Structures are given as C-alpha cells and as structure tokens.
Amino acid sequence: MTPSTVRTPNGLDLTHHRLAPGAPLALTARPGQESALILLCGQLTTTLPDGEHTIARTDPFTEPAAGWYLPPGSTADLTAGPDGADAVEAHAPVTAAPPEAIQPTAITAPGREVRGRGSFERHVTTLLTPPRTAGLLIGETLAFDGRWSTYPPHRHQHSNPPMETELQEAFAFRVRPDTGFGVLLAYDDSVRDANTTVLTDTSLAAVPGGYHTIAAAAGHDLYYLWAAHGDTDTHLALHTDPAHAWLLDS
C-alpha cells in the first residue's frame with residue numbers, strides 16, 4: 001500500500017505505513033530533524049546499538065503503544081512481522097535545544113490518563129516530550145462510543161506562555177468498527193464558521209492553527225495519534241474557546 005502523508009506549514013509531517021509481511025522500512029532522521037515511529041498494530045523488528053528489538057501490538061484500542069525515537073542524523077532499518085504492520089512515522093525540524101537522546105531509543109507507553117467526563121471523556125497517553133526530544137510532542141487519544149475529544153474546543157496558536165503556546169498539529173486516525181467515522185471541526189473565531197473534516201479509518205489531518213475539536217460517531221470508537229511541533233515553543237499550553245470554557249468548571 002502506498003503510504004499517505006500530511007504536513008503542516010512549519011515542517012511537521014506524519015506518514016502512515018501499511019506494510020506487508022516481511023516488508024522493510026528504512027527510518028531516517030536527517031541532520032536538523034528528529035523522527036519517531038509508532039506501531040498501531042502488527043509487528044516490527046529493528047536492530048539498535050543495544051541489540052535487536054521486536055515490538056508487537058494487536059490494535060491501538062486495547063494495547064499500549066510502542067515504537068522508536070530517532071534523534072537528528074540517525075537511522076533504523078525495520079522489518080514487518082509475519083502479519084505485516086501498521087505504523088505512523090513522524091518528522092519535525094529541530095528548532096530548539098538538541099534532544100537529550102543521542103541515539104535511537106525505544107518508546108514505551110506510560111499509563112493512560114482519563115480526561116474530561118461523561119460525553120467528552122477520553123483516554124490520553126503522552127509518549128514523547130522534551131527534553132527527550134528537541135521539540136516534537138507525540139501522544140495518543142481514545143474517544144469511546146460517540147464521545148467528543150479535544151473538548152471543549154481549544155487552540156495553541158499564539159506564543160503567550162504560560163497561557164498559550166504556538167504549536168501546529170497533525171493527526172492519524174483509526175476507527176472501530178472500521179466502517180465508522182468521526183468528525184474534526186476547526187475554526188478561527190466561531191464554531192458557526194467551522195471547517196468540517198470527515199474522519200474515516202486511516203484518515204490523516206492537520207491543524208496549523210485555530211480552535212479544533214473531534215468527535216466519534218455514535219456506536220464507534222475513535223483513536224488518534226497526535227503530533228505537535230512549534231518553531232519556538234516546546235510545550236503544550238492550551239487556550240480554550242471562551243464560549244465553551246464554562247464546561248471546564250461545571
């Protein structure tokens with residue numbers, strides 16, 4: 001399957017790979033760039049300086065994430081397992097201090113964090129942040145059975161820390177059952193003017209700026225890998241749409 005890619009104006013990109021059994025994948029972080037690969041399902045094997053590593057995952061809805069982080073100027077040659085592999089590759093330019101990592105390292109998932117409540121409860125896992133990376137942030141979110149996520153709508157468009165930071169974001173989605181869908185809304189000032197993107201299984205999307213929010217269709221679970229990167233800011237500080245901020249206090 002031909003890989004699909006989404007890019008943001010500031011140089012962040014995500015590429016979705018669906019690899020056949022035994023297929024190779026060369027992962028490269030060019031000088032001045034940092035990279036990561038997150039396995040969604042299947043099996044991948046690579047050899048790092050500390051030996052051979054194999055990771056496996058049945059699906060992103062029930063099992064924790066695994067993958068590899070590559071600092072600038074490093075490479076890793078991967079091989080898909082007997083049932084193939086479904087994985088997302090991320091790249092971002094290094095625009096801040098160099099990462100702490102100096103060679104490719106494994107990514108393992110911490111416990112999931114429950115955020116929100118009721119119809120906008122979601123489960124979030126943060127996988128990569130500085131100082132391990134230079135500025136690349138990666139995580140996963142699960143919205144079960146028709147729930148909203150990234151909610152209330154928020155933005156991270158203006159560099160005004162600690163109130164808000166300027167980060168562009170890209171997403172890779174999976175839907176369960178895979179015949180289902182979700183919706184991404186993005187807007188500058190009012191939700192009445194929102195651009196709507198229908199999310200199907202394996203969709204990619206980018207949000208360079210503005211408020212945004214995501215919902216799963218009723219009866220379906222929505223997973224998304226999110227990656228964020230800023231030209232100067234390296235941590236995520238959200239500004240909630242004031243029209244909906246009351247939800248945070250009720």
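This is a predicted model: local features need pLDDT of at least 70, side-chain atom pairs count only at pLDDT 80 or more; totals for chains, interfaces and linings use all residues.
I then looked up what Arg-155 touches, leaving aside neighbours within four places in sequence, and the list includes Glu-164, Tyr-211 and Leu-238. With Glu-164 there is also a polar contact, side chain to side chain, at 2.9 Å.

I turned to the sheet that holds β12, and noted five strands in an open sheet with antiparallel pairing, in the order β15-β14-β17-β12-β19. At the edges stand β15 (195–200) and β19 (239–240), each with a single partner strand, so one side of each has no neighbour in the sheet. Between β12 and β17 (residues 211–216) I found three bridges, the two strands running antiparallel, and Ser-149 has Ile-214 in β17 as its bridge partner.

Which element gives the largest share of the lining of the largest pocket? I found that β12 does, with five residues. The volume of this largest pocket is about 410 Å³, and of its 23 lining residues, those closest to the centre are Arg-115, Arg-122, Thr-150, His-154 and Leu-238. By class, I noted eleven nonpolar, nine polar and three charged residues in that lining.

Last, I looked at the second largest pocket, whose volume is about 180 Å³. Its lining has at least two residues from each of β14 (181–187), β15 and β16 (204–207).

Key:
Residues are numbered from 1 along each chain as its sequence is written. Side-chain values use heavy atoms; hydrogens and water are left out. Contact means heavy atoms within 4.5 Å. A polar contact is a pair of N or O atoms within 3.5 Å; within protein, one must be able to donate a hydrogen and the other to accept it, and residues adjacent in sequence count only if both atoms are side-chain atoms. Two strands pair if DSSP finds at least two bridges between them. Helices (H or I, at least four residues) and strands (E, at least two) are DSSP runs, numbered from the N terminus. On a 1 Å grid over the protein atoms alone, a cavity is a set of points where a 1.4 Å probe fits but cannot get out, and a pocket is an open set with protein on both sides within 12 Å along at least five of seven lines; lining residues have an atom within 4 Å of a point. Grid points are joined across faces, edges and corners, and a volume is the space filled by probe spheres set on the points. Ala, Val, Leu, Ile, Met, Phe, Trp, Tyr, Cys and Pro count as nonpolar, Asp, Glu, Lys and Arg as charged, and the others, Gly among them, as polar.
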